[in-house]
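Let's take a friendly walk through this structure, one region at a time. Have the sequence and the 3D view open as you read.

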Amino acid sequence: MKDRLSTRELLRRRNMEMPDYTCVCCIQQMDESSTHLFIHCPFAQSFWGLFGLLVDQDDAFATLEQFKIQLHVPFFMEIIIVMSWCIWMQRNDFIFRGIQLTQDACWQHFKKEFALVIRRANPRKKPLMSSWLEVFV
């Protein structure tokens with residue numbers, strides 16, 4: 001959210017020449033900014049939708065606040081961070097390894113990463129986190 005990831009929009013602002021600066025995860029022909037990639041891109045929105053999260057804000061911080069309200073769990077930030085990481089990794093797998101973007105691959109990656117987060121979590125939160133994840137399995 002602090003615009004430090006090397007999205008295509010950031011690379012353009014740093015004068016890096018690329019053949020295209022649009023998002024590779026969708027067909028909207030939108031510049032790949034972090035806000036587009038993680039919030040407004042149809043690929044990201046469908047992934048957020050797996051958890052019942054709706055994006056109805058243009059502002060990234062307002063959207064995160066909405067996610068917090070919609071998730072209604074004390075570990076909402078862990079969910080948002082892992083989901084964003086999975087979207088980023090799917091994007092990178094497509095760009096650098098030619099692996100097709102799929103919701104299933106993103107979902108499998110999320111389950112694996114979130115299970116690791118649960119292992120490192122506060123012992124009081126572990127049962128709640130595990131039961132939250134099991135609802136979607």
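N15 counts as exposed, because its relative accessibility is 66% and the cut-off for exposed is over 50%. Keep in mind that this is a predicted model. You will find N15 in the loop between α1 (8-13) and α2 (34-40). Its backbone deserves a look as well: N15 has a positive phi of about 65°, although it is not a glycine.

H72 can be viewed next. This residue sits in the loop between α4 (60-71) and α5 (76-97). H72 is not a glycine, yet its phi is positive, at about 55°. Is H72 buried or exposed? With 70% relative accessibility, H72 counts as exposed.

## The largest nonpolar core

Now turn to the interior. In soluble globular proteins, nonpolar side chains tend to be buried together. Here the largest nonpolar core has 38 residues, and I79, F110, F114 and W132 touch the most other members. Two or more residues come from each of α2, α3 (42-49), α4, α5, α6 and α7. Which helix gives the most to this core? That is α5, with eight residues.

Leaving out residues up to four places away in sequence, W132 touches F51, L71, V73, F75, I79, F110 and F114.

## How α6 and α7 pack

Two packed helices are described by the angle between their axes and the distance between the axes. For helix α6 (residues 103-120) and helix α7 (residues 126-136), the angle is about 165° and the axes are 10 Å apart. The two helices are therefore roughly antiparallel to each other, since the angle is over 145 degrees. Their crossing is left-handed.

On the α6 side, the contact is made by W107, F110, K111, F114, V117, I118 and R119. From α7 come K126, M129, S130, W132, L133 and F136. Sorted by class, this contact of α6 with α7 has nine nonpolar, one polar and three charged residues.

## How α3 meets α6

The axes of α3 and α6 come within 11 Å and cross at roughly 55°, so these helices are oblique to each other. In this case the crossing is right-handed.

Which residues of α3 and α6 meet? F43, S46 and F47 in α3 meet Q103, C106, W107 and F110 in α6. By class, the contact of α3 with α6 has five nonpolar, two polar and no charged residues.

## How α4 meets α5

α4 and α5 cross at roughly 120°, and their axes come within 9 Å. They are therefore oblique to each other, and the crossing of α4 and α5 is right-handed.

L64, F67, K68 and L71 of α4 make the contact with F76, I79 and I80 of α5. The residues of this contact of α4 with α5 divide into six nonpolar, no polar and one charged.

One last stop is D93, in helix α5. D93 counts as buried because its relative accessibility is 16%, and buried means under 20%. What is D93 in contact with, leaving aside its neighbours within four places in sequence? The partners of D93 are G98 and I99.

Technical notes
Residues numbered from 1 in each chain as written. Predicted model: local features only at pLDDT ≥ 70, side-chain atom pairs only at ≥ 80, totals over all residues. Heavy atoms only, no water. Axes fitted to C-alpha atoms, helices over the stretch in contact; angles between N-to-C directions. Helix = DSSP H or I, 4+ residues; strand = E, 2+ residues; numbered from the N terminus. Parallel < 35°, antiparallel > 145°, perpendicular 65-115°, else oblique. Left-handed = near helix turned anticlockwise from the far one by under 90°. Contact = heavy atoms within 4.5 Å. Nonpolar A, V, L, I, M, F, W, Y, C, P; charged D, E, K, R; others polar. Buried < 20%, exposed > 50% of the residue type's maximum accessible area, 1.4 Å probe, protein only. Core = buried A, V, L, I, M, F, W, Y, C linked by side-chain atoms within 4.5 Å.
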